[in-house]
Amino acid sequence: MIRHLSLVVVFSLFVSQCHGGCAEVDSLTEAVAGGGFLLGCISCKMREEVSAQATVDWHFKPLGEEEFRHIFHYDHPSVSILHEDFSARLEWHGTVNSDIQTGAIYLHNVTFNDTGTYRCTIHRTLFLPLYNQHVTVEKEVELNVVAVANREMTAVISEIMMYVVIVVLQLWLILVMVYCYKKISEEHEAREARKALKAQAELLESKDNCDGVQLE
C-alpha cells in the first residue's frame, strides 16, 4: 500500500512537467537504507503563458551540523554533482528543458549518513514584455533514513477501509441473495397456490357436470 502511495506522489511530481498540469506536491520524507529516494521539489509558474528560464541548486545539511553543502546544480542540459559524498548517486528527475518547474533529483544507494535537511533552490527568470523578472524559490526536505519502511497512518487507515468496504459489500450481497431467494420462494408458493385453486375449481366443475348427467 505504501508503494502505491509513493507511486501516486511520484506521478504527481512528473505531472508538473506538462503545461497546465503543474501541482506543488510535498516530497516524501522517509527513505530506506540501501534503496533509492526521490527528493521532490516543485515550483509552479503563476502564468503558464509566460516563457521562463531557470536553474536548480540542491544543498545538504547533515543531521547535527550547521552548514549546508552545495551538492547539485542543474542548468539545462548540464548536470553537475558538486560533492564527493554524492558522486554517481544523484540523478536529475526534473523538467527536461530550460523552463523548469519540477526540480526533483533521485538519490541512489541511500545510507544513514544521508539523513538531514535538503534545500532545493530554483532561480527563475520570467521573460515579460517590458522587463525580465527574477524569482528565487526555496523548498526544504527533512529526510529520515530508516532500516525498514514504517507503515504510515494513512496506509493503515486505507487498508482498514479497504477491508471494511469488502465486508460491507459481502454483507450486502448476502442480503440481496436472501431477498431474492425469499422473493422467488414467495412467487413459487403463490404460483403453486394458484395451480391448486385452479385444479380444485376444475374438479368441482367436473363433479357438477357428473351430477347433472345422473339427474337426467
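**Rings, disulfides and a surface patch**

Phe60, Phe86 and Tyr118 are linked into a cluster by ring pairs, where rings of Phe, Tyr and Trp (its six-membered ring) pair if their centres lie within 6.5 Å, and planes under 30 degrees apart count as stacked, over 60 as edge-to-face and the rest as tilted. The model is predicted, with local features needing pLDDT of at least 70 and side-chain atom pairs counting only at pLDDT 80 or more, while totals for chains, interfaces and linings use all residues. Residues are numbered from 1 along each chain as its sequence is written, and side-chain values use heavy atoms, with hydrogens and water left out.

Across the whole structure, a search finds 5 aromatic pairs. One of them is formed by Phe72 and Trp92, whose ring centres are 6.1 Å apart and whose planes lie at 5°, so the pair is stacked. This pair links distant parts of the chain, since Phe72 belongs to strand S4 (residues 69-75) and Trp92 to strand S6 (residues 90-92), 20 residues apart; helices (H or I, at least four residues) and strands (E, at least two) are DSSP runs, numbered from the N terminus. Phe72 and Trp92 are both buried, buried meaning under 20% relative accessible area, exposed over 50% and partly exposed in between (1.4 Å probe, protein chains only).

Phe86 and Tyr118 make an edge-to-face aromatic pair, with 6.4 Å centre to centre and 80° between the planes. Here too distant parts of the chain are linked, with Phe86 in the loop between strand S5 (78-81) and S6, and Tyr118 in strand S8 (residues 116-127), 32 residues apart. Both Phe86 and Tyr118 are buried.

The structure also holds 2 disulfides, each defined as a pair of cysteine sulfur atoms within 2.5 Å. Cys22 is joined to Cys44 with an S to S distance of 1.8 Å, and this link of Cys22 and Cys44 is left-handed, with -85° about the S-S bond. Cys44 counts as buried, because its relative accessibility is 15%. Cys41 is joined to Cys120 at an S to S distance of 2.0 Å, and the torsion about their S-S bond is about -70°, so the disulfide of Cys41 and Cys120 is left-handed. That pair links distant parts of the chain, from Cys41 in the loop between S2 and S3 to Cys120 in strand S8, 79 residues apart. Cys41, at 2% relative accessibility, counts as buried, and Cys120, at 1%, counts as buried. With bonded cysteines counted along the chain, the disulfides follow the pattern 1-3, 2-4.
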